[in-house]
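Please read this report alongside the sequence and the 3D view.

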Amino acid sequence: MITLMNDLLTVSISTKGAELQSIKRTDEGLEYLWQGDPDFWGRKAPVLFPIVGRLKHDEYRYKGKTYALNQHGFARDSDFQVEEQTDTTVRLTTTSSLQTKEHYPFDFQLSLTYTLEKNTVNVSYFVKNTHESEVMYFSVGGHPGFNVPLTSDTTFEDYYITFLPRRPRRQIPLVGPYLDLESTTLAQTNTEIDLKRSLFDNDALIYETKGKNNFSINSEKTTHSVSIAFEGFPYTGIWSPPKKEAPFVCIEPWYGLADASEFTGELNDKLGIQKLEGAESFSANYTISLT
C-alpha cells in the first residue's frame, strides 16, 4: 500500500489497479472515500481502461476478430509498478502483455499519477500507443465513490449535487447497461439536484460535459463536501446502486461510454472511443477537493 500525506490530507493507493483506497482529512481522520462493501459495491475508485461501461454481449470486433472484454476493462485488476514516489506524489504504470492482448490487441502504456496539493488530490492519466505505426483505440476514466453521508449526524437525503457552470447539459439515459441515444434529454443541471434513491432507479446519470466542469456533493447540515473538477472529459456519470440503500455516490469523469443499444460492435465505430496514431500519447486529469 502506498501512502501520501501533507498537512491536510492522507491518501492511500494500491498497486493493484492503481486504485485509491482512502482519502482522509489528516487533522480529524474523516474518511471521504467509499471503503467498499460487496453487499453494495466492492470497489472504491477503479481505473476504467481500455473501455468505459459495458460492451454488448461483453465483446467487440476489430479487424475481423472478436474479443471478449468485461465491463470497464481490465486495468482495475492489473498490477501497476511504482515509477516515482515522494511524500505527496506517486506515478504507477502498467503495460500491454500477452495476457492483455487476448482481450485487447494493442500495445500500450497506462500511467496514473496522484499528487496532493493542499486539500486536493490531482488524478492524472497518461496513455501511450507504444506501437510505432498501428492505430490504437481506447477509453479511459475514473469511478471514485464517496461516502454519503459524510458525517454520522446526516443522512443520504441531506445532500445534493451542485453543477458548475450552472447550465443545462445533455443527459443520455440507459436501458439496462446500454445507452438509449434516442431518448437523450436536456437535463436541468443549471440548479442543484437533491440526492434521493429514486434518482438511480435506471442506473447512472450520464451527462455530456464539454469544457470546464465542477460537480460537488454538499449539504446544508455539514461543512464537509467533495468536489470533482475537470476539463475536457466529454462525459461524466453520477452513480449509486439502484434499488439499494447504498451509503455512497460516485462522480465519474470519462473519455468513453457504454455501448449504445443498437451498436454494431465495431470498436473503431464506438461512440466516445479515443484514437491514437502510432507512438502518440494522451493525457488528462481531474481533481478531488475536500472541505
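## His 224 and its surroundings

Leaving aside residues up to four places away in sequence, His 224 touches Arg 25, Glu 28, Leu 30, Tyr 32, Leu 150, Thr 151 and Thr 291; contact means heavy atoms within 4.5 Å. The model is predicted, so local features need pLDDT of at least 70 and side-chain atom pairs count only at pLDDT 80 or more, while totals for chains, interfaces and linings use all residues. Residues are numbered from 1 along each chain as its sequence is written, and side-chain values use heavy atoms, with hydrogens and water left out.

His 224 belongs to the loop between β21 (212-219) and β22 (226-231). Strands (E, at least two residues) and helices (H or I, at least four) are DSSP runs, numbered from the N terminus. With a relative accessible area of 11%, His 224 is buried. Buried means under 20% relative accessible area, exposed means over 50%, and partly exposed lies in between (1.4 Å probe, protein chains only). The side chains of His 224 and Glu 28 make a polar contact at 3.3 Å. A polar contact is a pair of N or O atoms within 3.5 Å; within protein, one must be able to donate a hydrogen and the other to accept it, and residues adjacent in sequence count only if both atoms are side-chain atoms.

## Strands and sheets

β21 and β22 are part of an open sheet of nine strands with antiparallel pairing, in the order β7-β8-β9-β10-β26-β22-β21-β14-β19. β7 (81-85) and β19 (193-194) are at the edges with a single partner strand each, so one side of each has no neighbour in the sheet. Two strands pair if DSSP finds at least two bridges between them. β14 (residues 159-164) and β19 pair in the antiparallel sense over two bridges, and Ile 161 stands opposite Ile 193 in β19.

Elsewhere, strand β20 (residues 205-208) runs antiparallel to strand β23 (residues 235-239), and four bridges join them. The bridge partner of Glu 208 in β23 is Tyr 235. Leu 205 and Tyr 207 point one way from β20, Ile 206 and Glu 208 point the other way, and all are buried.

## Aromatic rings

Rings of Phe, Tyr and Trp (its six-membered ring) pair if their centres lie within 6.5 Å; planes under 30 degrees apart count as stacked, over 60 as edge-to-face and the rest as tilted. The count comes to 27 aromatic pairs. The rings of Tyr 125 and Tyr 286 have planes at 40° and centres 6.2 Å apart, so this pair is tilted. Tyr 125 lies in strand β10 (residues 120-129) and Tyr 286 in strand β26 (residues 281-290), so the pair ties together parts that are 161 residues apart in sequence. Both tyrosines, Tyr 125 and Tyr 286, are buried.

A charge sits over a ring if NZ of Lys or CZ of Arg is within 6 Å of the ring centre and within 35 degrees of the ring normal. Two examples follow.

| Charged residue | Ring | Distance from ring centre |
|---|---|---|
| Arg 197 | Phe 156 | 3.7 Å |
| Lys 270 | Phe 263 | 5.9 Å |

## The whole chain

The protein has one helix and 26 strands. Of its 291 residues, 54% count as buried. Along the principal axes, the C-alpha trace spans about 55 × 45 × 35 Å. Among contacts with a separation of 6 or more, 64% are between residues 24 or more positions apart.
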